[in-house]
Amino acid sequence: MRRPALYNRQHGKQVPGGGSVKAKIAKLLLVVFVLLICTVSLLFTSSATKGGAAGSAYSSEINVEKLWRSADSGGWKPSSAPRSDWPPPPSETNGYLRVRCNGGLNQQRTAICNAVLAARIMNATLVLPELDANSFWHDDSGFQGIYDVDHFIKSLRFDVKIVEKIPEIHKNGKTKKIKAVQLRPPRDAPISWYTTEALQQMKEHGAIYLTPFSHRLAEEIDNAEYQRLRCRVNYHALIFKPNIMKLSQSIVDKLRTQGHFMSIHLRFEMDMLAFAGCFDIFNPKEQEILKKYRKENFAPKKLVYKERRAIGKCPLTPEEVGLILRAMEFNNSTRIYLAAGELFGGERFMKPFRALFPHLENHSSVEHSDEIPENTQGLLGSAVDYMVCLLSDIFMPTYDGPSNFANNLLGHRLYYGFRTTIRPDRKALAPIFIDREKGRKAGFEEAVRQVMLQTNLGGPHKRIPPESFYTNSWPECFCQTSPKNPADKCPPDDVLEILSSQLSQENGDPESNSTSVTDR
C-alpha cells in the first residue's frame with residue numbers, strides 16, 4: 001500500500017486509489033518491456049550454453065560429402081624446387097657426415113631431413129643415415145630395409161653428395177680408414193653450430209658422427225631455400241621400398257572397393273597415456289602399469305588427471321572419437337582404417353566405438369600377408385600405416401601434440417594436395433565431454449559441431465607455434481602461378497633441366513644431365 005504513495009510523491013500530486021489510468025498503462029508497458037528483455041536474454045544464454053542450438057542451425061551444418069574431397073587450395077600448389085640460385089654440390093666436399101637417427105619411424109624421418117640439410121650447410125658428403133631401431137622398435141631393418149636407397153641418392157643429387165659408407169683411402173699401397181669423431185649436437189642447434197664447431201671438427205678429422213640426431217637442427221630457419229630442401233627430402237626423396245608401397249596400395253585398393261574410407265591414428269596407447277598422465281579412467285592394476293612406465297621413461301612431474309583432462313591434455317578415448325564423428329554426421333556405414341599399436345585397456349574401450357562404427361579395419365584385417373604379422377610393431381608395419389593414412393580420403397589424428405606420426409602425416413597430406421584432415425580441438429571439446437559424463441547431454445552434438453567447424457580441415461593456413469614445420473610447410477613449400485607476393489611465384493617449368501645442366505658443368509659429366517627424377 002505504500003508503493004503507490006511513493007510513486008505519487010515523486011510526481012508532486014496525489015492520485016486517489018493508487019494512480020490515474022495513464023499511470024497504470026505506463027507501469028504495464030514498463031513491465032512488458034522488462035519481461036521482453038528477460039526473455040531475449042534467457043534465449044541468448046540458452047543458445048550459448050547449448051553451443052548455439054537455437055537460431056544457428058544453418059551455421060552448424062557439416063557437409064560430409066564435401067569432407068570426402070580435398071580441402072580448398074586457395075590457388076596454392078605444392079612446390080619445393082629452388083626458386084633462386086642453387087649451386088650443385090661441389091666435386092670436393094669438406095668431409096663426411098654420419099648421423100644416428102633415434103626414435104620411431106617418423107622421428108627418424110625428420111632427422112633424415114635435418115641430416116641432408118646439415119650436409120648442405122657444411123658442404124659435406126652425407127653417409128646414408130643410420131636408423132637406431134633398437135631403442136624403440138627392436139627392429140633392425142635399417143635405412144636399406146625401409147627406404148629406396150637408389151631413389152634417395154639420385155633425387156638429391158642436385159643438393160648433396162650421398163654415399164652408403166665412408167670409403168677407404170688407398171695411398172702408397174696402403175689402405176687407411178677414416179674414423180669419424182663423435183659429437184653430440186645441442187637440441188635444436190642453430191645453423192651457426194654446424195658452420196663453426198661441427199665444421200671445424202670435420203675439417204680436422206675428415207668425418208664427424210652426430211649422435212643422437214633427433215631434433216638436433218632448429219626447425220624455424222629464416223631461409224626459404226633451406227626449408228624447401230627439407231620438403232624435397234621428406235616428400236620426394238624418402239620413398240619406401242617397392243614391397244612396402246605395393247603392400248600399402250593393395251590395402252588402399254581393398255578399402256576403396258566400397259567407396260571412400262577414413263583413417264584414424266588412434267593414439268590410445270600405453271606410452272602416450274603415461275606421458276600425458278591420464279590414469280584415472282583405468283582400473284588400479286592398469287594405473288600401476290602406467291605409473292611404472294612413466295617413472296621409467298619420463299621426467300618426474302606432478303600430474304592431476306582432472307586438471308589434465310579439463311585442458312585437453314589427454315588423448316581422446318575410442319568412444320570420444322566415435323562421438324565426434326557421429327556429431328559430424330558420419331553414419332555407421334563409414335569405413336575406418338585404424339593406425340595404432342596395441343590399445344591400452346583392451347576391448348572394453350573399443351566396444352563403444354565399434355557399436356557406433358562397426359566397419360573398423362587395420363592392416364592385418366585387410367591384407368592377409370606373411371610380411372606384416374611379425375612387423376606390426378616394427379618399422380614395416382609403421383611404414384604401411386603411414387602410406388595408407390597418406391592415401392586415405394580423410395585422416396584424423398586423436399593426439400597430434402607430441403606424436404611424430406600424426407604431425408608428419410598432417411604435413412604430408414597438406415603437401416599431397418590439401419587432403420582433408422579432421423583435427424579435434426581437445427581443449428575446446430573437454431568441457432563438452434565432461435558435461436556429458438555428468439548427465440548433461442542436451443545439445444551435445446550441436447556443441448561438438450560448433451567446435452569442429454572452427455578447426456582447419458586441411459587447407460592452407462599460417463603456421464603458428466607450437467605447430468611444427470613438418471606439420472605445416474606453408475608457405476615455403478607451396479607456390480602460386482599468379483601470386484600477390486613475388487616470393488610465392490612458382491619456379492619455371494624447366495627448373496630440373498637448369499639444375500641438371502649446372503650439375504653437369506660442375507662434374508664435367510654429360511650423363512648427369514638427366515631429369516628423370518620425381519617432379520619437385
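I started with helix 13 (residues 318-327) and helix 14 (residues 347-356), whose axes come within 7 Å and cross at roughly 20°. This is a predicted model, so I read every value as computed from it. An angle under 35 degrees counts as roughly parallel, so helix 13 is roughly parallel to helix 14. I noted the handedness of this crossing as left-handed.

Next I listed the contact. Helix 13 brings Pro318, Glu319, Val321, Gly322, Leu323 and Arg326. Helix 14 answers with Phe349, Met350, Pro352, Phe353 and Leu356. I sorted the residues of this contact into 8 nonpolar, 1 polar and 2 charged.

Then I turned to helix 13 and helix 19 (residues 444-452). Their axes come within 9 Å and cross at roughly 85°. That angle makes helix 13 roughly perpendicular to helix 19. From helix 13, I found Leu323, Ile324, Arg326 and Ala327 in the contact. From helix 19, I found Phe444, Glu445, Val448, Arg449 and Met452.

How many cavities of 30 Å³ or more does a search of the whole structure find? I got 2. The largest cavity has a volume of about 70 Å³. I wrote down its lining: Leu410, Arg413, Leu414, Arg419, Thr421, Arg423, Asn456, Gly458, Gly459, His461, Glu467 and Thr471. By class, the lining of the largest cavity holds 2 nonpolar, 6 polar and 4 charged residues.

Technical notes:
Residues numbered from 1 in each chain as written. Predicted model: local features only at pLDDT ≥ 70, side-chain atom pairs only at ≥ 80, totals over all residues. Heavy atoms only, no water. 1 Å grid on protein atoms, 1.4 Å probe; cavity = no way out; pocket = protein on both sides within 12 Å on 5 of 7 lines; lining within 4 Å. Points joined across faces, edges and corners; volume = space filled by probe spheres on them. Nonpolar A, V, L, I, M, F, W, Y, C, P; charged D, E, K, R; others polar. Axes fitted to C-alpha atoms, helices over the stretch in contact; angles between N-to-C directions. Helix = DSSP H or I, 4+ residues; strand = E, 2+ residues; numbered from the N terminus. Parallel < 35°, antiparallel > 145°, perpendicular 65-115°, else oblique. Left-handed = near helix turned anticlockwise from the far one by under 90°. Contact = heavy atoms within 4.5 Å.
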